Amino acid sequence: MSRSDDLNTLDPTDLKILLELIRDPRVQIAELSESLGIARNTAQSRMRRLVRSGVLNDGGREVDLEKVGYDVVGFVTLEVTHRELDGVIGALRRIPQVLEVHEISGRGDLLCRVVATDTHNLQTALRSILRTKGVIRTETVLALHTHIPYRTEPLIGRLVDAAETAGAVKRVKTQVSTDSPVREAD
């Protein structure tokens, strides 16, 4: 399914479903249908269609922004006046295309992940950032392709392995200590 197909098939109800899932990823179909004023079967069939089309990923709870038209991704490094840092962060929070803001070490003070529908939309977002009181300068790098998307499974898998190994070692130590003969005093 191409980007234009996705955009043509997403109606206001689909977009409201996506918004509800972003606000509460654990929302149940019954709650979703009630809050949107649609039939439960309608909510369920639309959810299935959104998952099938790839708009929803990760068990139907994570929105693929590229599928809804935000296929330009930029990483923007900002140098800011430090006494204006809180104000800059507040202003960035009000720009919808700004997905993340990290205070960083090294060159620059803040790193932002920004999405846009096209380069003109990106330019509009960048101008909003540059007009923010306290922003001295920015540098933007465009992402050409995402090879490894945000993920947590490998880290959690490693923690599970470590916990299981630690549990096995603890069980072995406990077993050895209970199997050891106890000497009685003479």
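**Fold, cores and salt bridges of the predicted model**

The protein exposes about 13,300 Å², and carbon and sulfur atoms supply 52% of this area. Accessible areas come from the Shrake-Rupley method with a 1.4 Å probe; for residues, only the protein chains shown count as cover. The model is predicted: local features need pLDDT of at least 70, side-chain atom pairs count only at pLDDT 80 or more, and totals for chains, interfaces and linings use all residues. Residues are numbered from 1 along each chain as its sequence is written, and side-chain values use heavy atoms, with hydrogens and water left out.

Seven helices and six strands make up the secondary structure. Helices (H or I, at least four residues) and strands (E, at least two) are DSSP runs, numbered from the N terminus. Along the sequence the pattern is α-α-α-α-β-β-β-α-β-β-α-β-α. Of the 186 residues, 27% count as buried. Buried means under 20% relative accessible area, exposed over 50%, and partly exposed in between (1.4 Å probe, protein chains only). Contact means heavy atoms within 4.5 Å. Among contacts with a separation of 6 or more, 62% join residues 24 or more positions apart.

Strand 5 (residues 110-116) has five of its seven residues buried, so it is largely enclosed by the rest of the structure. Two strands pair if DSSP finds at least two bridges between them. Strand 5 pairs with strand 3 (residues 72-80) in the antiparallel sense over seven bridges. Here valine 73 stands opposite valine 115. Strand 5 also pairs with strand 4 (residues 98-103), again antiparallel, over five bridges. In this pairing glutamate 103 faces leucine 110. Strands 4 and 5 form a hairpin with six residues between them, and glycine 106 in the turn has a positive phi of about 90°.

The largest nonpolar core holds 18 residues, of which Leu78, Leu92, Val114 and Ile129 touch the most other members. Strand 3, helix 5, strand 5 and helix 6 (119-130) each supply at least two residues of this core. A second, separate core of 15 residues includes Leu10, Val27, Leu32 and Met47. A nonpolar core is a set of buried Ala, Val, Leu, Ile, Met, Phe, Trp, Tyr and Cys residues joined through side-chain atoms within 4.5 Å. Beyond its neighbours within four places in sequence, leucine 92 contacts Leu78, Val98, Val101, Leu110, Cys112 and Ile129. Valine 88 lies in helix 5 (residues 85-93) and is buried, at 0% relative accessibility. Its C-alpha atom is 7.0 Å from that of valine 135, 47 residues apart along the chain.

Eight salt bridges were counted. A salt bridge is a side-chain nitrogen of Lys or Arg within 4 Å of a carboxyl oxygen of Asp or Glu. Aspartate 14 bridges to arginine 46, with the closest N and O atoms 3.0 Å apart. Aspartate 14 lies in helix 2 (residues 12-23) and arginine 46 in helix 4 (residues 40-52), so the pair ties together parts 32 residues apart in sequence. Aspartate 14 is buried at 0% relative accessibility; arginine 46 is buried at 17%. Asp11, Asp14, Arg46 and Arg49 are linked in a network of salt bridges. Glutamate 79 bridges to arginine 137, with the closest N and O atoms 3.8 Å apart. Glutamate 79 is in strand 3 and arginine 137 in strand 6 (residues 135-143), so this pair ties together parts 58 residues apart in sequence.
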